[in-house]
Amino acid sequence: MAGGQQSVLFVCLGNICRSPIAEAIFRKQVTDRGIISKWMIDSAGVIDFNVGNSPDSRALSCLRHHGTETAHKARQVTKNDFLTFDYILCMDESNLRDLKRMTEKVKNYKSQIKLLGSFDPQHHLIIQDPYYGNEAAFEEVYQQCLRCCTAFLEAST
């Protein structure tokens, strides 16, 4: 980082489980390190089904359990996101395919689009959707996002 601001958009299917968890974790990490001003951070979904909704109550509960809060409201990925964000980090291959398909309609996009799991030191590439699972599934997502966000932050600063 050459002194300027960097930006990251975390993406999952509906923006109510995985991506708001990753966004909240990363925001807390850069806040705790005193470098929040050097980052623009957001999350979004590839579908519009949940636009305007708060994250899933189980995601919020999991974050609170770890001392993290979020006021995020779900939104859908836009064409402008590919021009705005340096990094777009998604959760699974379906998200990745959808994002790559969206880039076909965006000229000269700047975003590096990757799986967030590509940063996992435990090499769990896919962050599974916990929506149909229980609290333990959300905890697993939290722990994987924590590892990945930590490694991503180390790699990008």
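Visitor: Which residue does the side chain of Lys-28 meet in a salt bridge?
Guide: This is a predicted model, in which local features need pLDDT of at least 70, side-chain atom pairs count only at pLDDT 80 or more, and totals for chains, interfaces and linings use all residues. Residues are numbered from 1 along each chain as its sequence is written, and side-chain values use heavy atoms, leaving out hydrogens and water. A salt bridge is a side-chain nitrogen of Lys or Arg within 4 Å of a carboxyl oxygen of Asp or Glu. At 2.8 Å, N to O, the side chain of Lys-28 meets that of Asp-32.

Visitor: In which helix do Lys-28 and Asp-32 lie?
Guide: Helices (H or I, at least four residues) and strands (E, at least two) are DSSP runs, numbered from the N terminus. Lys-28 and Asp-32 are 4 residues apart, about one turn of the helix, and both lie in residues 18–32, helix H1.

Visitor: Is Asp-32 buried or exposed?
Guide: Buried means under 20% relative accessible area, exposed over 50%, and partly exposed in between (1.4 Å probe, protein chains only). Asp-32 has 56% relative accessibility, so Asp-32 counts as exposed.

Visitor: How many residues apart are Arg-33 and Glu-154?
Guide: Arg-33 forms a salt bridge with Glu-154, with the closest N and O atoms 2.8 Å apart. The pair links distant parts of the chain: Arg-33 is in the loop between H1 and strand E2 (39–45), Glu-154 is in helix H5 (residues 135–156), and the separation is 121 residues.

Visitor: How many salt bridges does the structure hold?
Guide: Arg-18, Asp-92 and Asp-129 are linked in a network of salt bridges. The number of salt bridges in the structure is 11.
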